[in-house]
Amino acid sequence: MEHNEILSIIEGMLFLSGDEGLTIKQISSVLQLSKKETTDCLDELIQIENEREIKGFELVNFGGIYKFATLSKHHEYYQRMVEQNENSLSNAALETLAIIAYNQPITRVHIEEIRGVGCDAMIRKLVAKALIKEVGREDTPGKPILYGVTDEFMDAFSLTSLDELPELKEMKENFDQDDIFNTKYTEDISEEQ
């Protein structure tokens, strides 16, 4: 395989891994490269990213986990964006939040199995809004992140404990559009058009 093609594949893998990132071992296993070859490719990708004039993210290595992260120098703009959208969650984000609340601690993959669609963007949005957080790592290959709800989630929905969440059976029988997860956060469609 051509060297640039390997770099391209690694970049795509890192993008797909989202916040969880990938280790050298994971990348080298998929591409059937040695750890040294993989490390050299990652170093080269970091150099390529650093040389780009226009960029909104960078390739970082945090504790042996390689992933893309937004530039810290743009933090104030990202913070404004989050604050502007503070009280709006899409139905997909609400669904993801409910799955986490009822099944915590839970991995992204398990959430996606329940929802039937990818939820990486939803998880990032919920983490940015401080409604969920990393609560540990699952003891399985790859050590995926486990997510749980935060105190901000409890405050936002006026809960003192998760025992106050409606029973799932009860919700199915008495489902109402104004249930606990739709009363506080609503999406303003008029601004998007």
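Let's start at I132: if you skip its neighbours within four places in sequence, I132 is in contact with L97, I100, I123, L126, V127, Y147, G148, V149 and T150, where contact means heavy atoms within 4.5 Å. Keep in mind that this is a predicted model, so local features need pLDDT of at least 70 and side-chain atom pairs count only at pLDDT 80 or more, while totals for chains, interfaces and linings use all residues. Residues are numbered from 1 along each chain as its sequence is written, and side-chain values use heavy atoms, with hydrogens and water left out.

I132 is also part of the largest nonpolar core, which has 24 residues; L97, I100, L126, I132, V149 and F153 touch the most other members. A nonpolar core is a set of buried Ala, Val, Leu, Ile, Met, Phe, Trp, Tyr and Cys residues joined through side-chain atoms within 4.5 Å. Buried means under 20% relative accessible area, exposed means over 50%, and partly exposed is in between (1.4 Å probe, protein chains only). Two or more residues each come from α5 (91–103), α7 (120–128), β6 (145–149) and α8 (151–156), and α5 gives the largest share, 6 residues. Apart from this core lies another one of 17 residues, including L22, I27, L31 and Y66.

Now for the rings. The whole structure has 1 aromatic pair. The ring centres of F57 and F68 are 5.1 Å apart and their planes sit at 80°, so the pair is edge-to-face (centres within 6.5 Å, planes over 60 degrees apart; under 30 is stacked and the rest tilted). F57 is partly exposed at 34% relative accessible area, whereas F68, at 18%, counts as buried.

Technical notes
Helices (H or I, at least four residues) and strands (E, at least two) are DSSP runs, numbered from the N terminus. Rings of Phe, Tyr and Trp (its six-membered ring) pair if their centres lie within 6.5 Å; planes under 30 degrees apart count as stacked, over 60 as edge-to-face and the rest as tilted.
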